[in-house]
Amino acid sequence: TVKVNNADADMGTASQIAQSFVTDNMDLICAIATPSAQAAYNAAMEKGIPVVYTAVTNPVEAELATDDKMPVGAAQLKMIREILPDAKTIGILYTTSEANSVYSISQYEELADQYGFTLETAGITSSSEISLATADLLTKVDCLTNLTDNTVVSSLPAILDQANEKGIPVFGSEIEQVKIGCLAAEGIDYVSLGKDTGKMAAKILKGEVKAEDM
């Protein structure tokens, strides 16, 4: 039996959902994306309910793991340079409270110069700030690139509308963003990722392995 709830990128809602799963004494909680993973981990820790998380950019920065060696940004920057050989400035909109996005920004800042780019970033705290932040960012950049930022991605259609009016290309961080209008993306396949996550959950539920050993 699978029970599904959507926090809609809201950390408070994610915490409420996670707590309700713990109260209902679920056998396992699967959390998608960093805010939900943090909420599930914190809620389930005392009860010892196993938590499987997926689509988390940096588990170490999110305090969900002790070792993480996954690079962020290099392939994306290489792709943007190949598609836009004359571009100089890349804009990134991100949510300051999302650990995954803060980490990704730090990686982009470290790598941008290697590909001949200057980075312009705009941090927001809620979706209500996205329209103004996007408008300001579009006056400074040759293109935008998206992170797997939950708040920003939820407003991506509106961002694309503004960018299209200015004739500025927008790059995505995964294929679904391309399907709704981004120019291209270099990222992981979230469908395959979901299947792998499901297999991990099944092994735990069958008692074949403990979550803390995976």
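Colleague: Are Glu 82 and Lys 78 exposed or partly exposed?

Modeller: The words follow the relative accessible area, found with a 1.4 Å probe and protein chains only: buried means under 20%, exposed over 50%, and partly exposed in between. Glu 82 is exposed, with a value of 53%, whereas Lys 78, at 45%, counts as partly exposed.

Colleague: What should I know about the model before I read further?

Modeller: Because this is a predicted model, local features need pLDDT of at least 70 and side-chain atom pairs count only at pLDDT 80 or more, while totals for chains, interfaces and linings use all residues. Residues are numbered from 1 along each chain as its sequence is written, and side-chain values use heavy atoms, with hydrogens and water left out.

Colleague: How many salt bridges are there in the whole structure?

Modeller: The search finds 4, and one of them joins Asp 24 to Lys 3 through their side chains, at 3.2 Å from N to O. This pair links distant parts of the chain, 21 residues apart, since Lys 3 sits in the segment before H1 and Asp 24 in the loop between helix H1 (11-23) and strand E1 (29-32). Helices (H or I, at least four residues) and strands (E, at least two) are DSSP runs, numbered from the N terminus. Asp 24 is partly exposed at 43%, and Lys 3 is partly exposed at 43%.

Colleague: Which residue does Asp 136 meet in a salt bridge?

Modeller: The side chain of Asp 136 meets that of Lys 140, at 3.0 Å from N to O. Asp 136 has 40% relative accessibility and counts as partly exposed, and Lys 140, at 40%, is partly exposed.

Colleague: How much of the protein chain is buried?

Modeller: Buried residues make up 42% of the 214 residues, in a chain that holds 9 helices and 6 strands.
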